[in-house]
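This report covers strand pairing, the nonpolar core and a few selected contacts. The sequence and the model are shown first.

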Amino acid sequence: MRGRFYMLHYRPNGLDTARLGAVVAKKLAKRANTRNLVKRIARECFRRNRESLPAVDMVVRLHASVATATRAELNQDLLALFQRLPRQ
């Protein structure tokens, strides 16, 4: 699934809970502190919504440059992708 900034890949995992991996390419976020910030935002958003997510393994990948993005926009984009996950 694709959002404005993130792309989400997922696959059922057979466990009781969801798991998350995050990938941020240097091509889209040049500075290390920006890459770390994007990953921190993704992990925090996942942590807050883990209870309501289906049991899938997810990889969140940055899809577009975040040079002009705000933290709120990144959070909203990821929440929208989480809402689109198929429920079992």
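Which residue of strand 3 is the bridge partner of Gly21? The partner of Gly21 in strand 3 is Val59. The model is predicted: local features need pLDDT of at least 70, side-chain atom pairs count only at pLDDT 80 or more, and totals for chains, interfaces and linings use all residues. Residues are numbered from 1 along each chain as its sequence is written, and side-chain values use heavy atoms, with hydrogens and water left out.

**Strands**

Helices (H or I, at least four residues) and strands (E, at least two) are DSSP runs numbered from the N terminus. Two strands pair if DSSP finds at least two bridges between them. Strand 3 (56–62) pairs with strand 2 (residues 19–23) in the parallel sense over five bridges. Strand 1 and strand 3 run antiparallel and are joined by seven bridges. Met58 in strand 3 is the bridge partner of Tyr10, and Leu20 also stands opposite Met58.

Strand 2, helix 1 and strand 3 form a left-handed β-α-β unit. The convention is that a crossover is right-handed if, with the strands pointing away from the viewer, the path from the first strand over the helix to the second runs clockwise.

The covered face of strand 3 consists of Val56, Met58, Val60 and Leu62, while Asp57, Val59 and Arg61 make up the uncovered one.

**Core and aromatic pair**

Buried means under 20% relative accessible area, exposed over 50%, and partly exposed in between (1.4 Å probe, protein chains only). A nonpolar core is a set of buried Ala, Val, Leu, Ile, Met, Phe, Trp, Tyr and Cys residues joined through side-chain atoms within 4.5 Å. The largest such core has 22 residues, of which Tyr6, Met58, Leu78 and Phe82 touch the most other members. Strand 1 (6–12), helix 1, strand 3 and helix 2 are the elements that give two or more residues to this core. Helix 1 gives the most, with five residues.

With contact taken as heavy atoms within 4.5 Å, and leaving out residues up to four places away in sequence, Met58 touches residues including Leu8, Tyr10, Leu20, Phe46 and Phe82.

The structure holds one aromatic pair. The rings of Phe46 and Phe82 have centres 6.5 Å apart and planes at 70°, so the pair is edge-to-face. Rings of Phe, Tyr and Trp (its six-membered ring) pair if their centres lie within 6.5 Å; planes under 30 degrees apart count as stacked, over 60 as edge-to-face and the rest as tilted. Because Phe46 lies in helix 1 (residues 32–49) and Phe82 in helix 2 (residues 71–83), the pair ties together parts that are 36 residues apart in sequence.

**Loop residues**

Asn13 lies in the loop between strand 1 and strand 2. The side chains of Asn13 and Asp57 make a polar contact at 3.0 Å. A polar contact is a pair of N or O atoms within 3.5 Å; within protein, one must be able to donate a hydrogen and the other to accept it, and residues adjacent in sequence count only if both atoms are side-chain atoms.

Ala25 lies in the loop between strand 2 and helix 1. Ala25 and Arg61 are 36 residues apart in sequence and 8.2 Å apart in space, C-alpha to C-alpha.

| Residue | Relative accessible area | Class |
|---|---|---|
| Phe46 | 7% | buried |
| Phe82 | 1% | buried |
| Asn13 | 16% | buried |
| Ala25 | 36% | partly exposed |
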